[in-house]
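Please open the model in your viewer and keep the sequence panel beside it, so that each selection can be followed from one stop to the next.

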Amino acid sequence: MNEQHCFRKGRSTITNLCIFKQNIIDSFNNGAQTDVIYTEMERTFDKIDYDLLIIKLKGYGFKYPYELV
């Protein structure tokens, strides 16, 4: 099943939310769990403290700018 809603004729954030709402209701009625991850990428990198990002990446083993230690 194709769940892509962005840039598709007849599909929008509204149709996406309707399907999502139905999935939540179905999960609730079946006693199942639904996990959700929200992502918003617009302007994300405009708000980053790049010095802090470099420090955190180094902490995870990345060597600035692109190498994995």
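This is a predicted model: local features need pLDDT of at least 70, side-chain atom pairs count only at pLDDT 80 or more; totals for chains, interfaces and linings use all residues.

Residues are numbered from 1 along each chain as its sequence is written, and side-chain values use heavy atoms, with hydrogens and water left out.

Step back to the start of helix H2 (residues 50-59), where a side-chain oxygen of aspartate 49 comes to within 3.2 Å of the backbone nitrogen of aspartate 51.

Now color by secondary structure: the chain has two helices and two strands, in the order α-α-β-β from the N terminus. Helices (H or I, at least four residues) and strands (E, at least two) are DSSP runs, numbered from the N terminus.

Next, select serine 27, which sits in helix H1 (residues 13-29). Serine 27 counts as buried because its relative accessibility is 16%, where buried means under 20% relative accessible area, exposed over 50% and partly exposed in between (1.4 Å probe, protein chains only). Leaving aside residues up to four places away in sequence, serine 27 touches Ala32 and Thr34, contact being heavy atoms within 4.5 Å. Across the chain, 3% of the 69 residues count as buried.

Finally, show the surface, of which the chain exposes about 7,000 Å², with carbon and sulfur atoms supplying 58%; accessible areas come from the Shrake-Rupley method with a 1.4 Å probe, and for residues only the protein chains shown count as cover.

Note on methods: A polar contact is a pair of N or O atoms within 3.5 Å; within protein, one must be able to donate a hydrogen and the other to accept it, and residues adjacent in sequence count only if both atoms are side-chain atoms.
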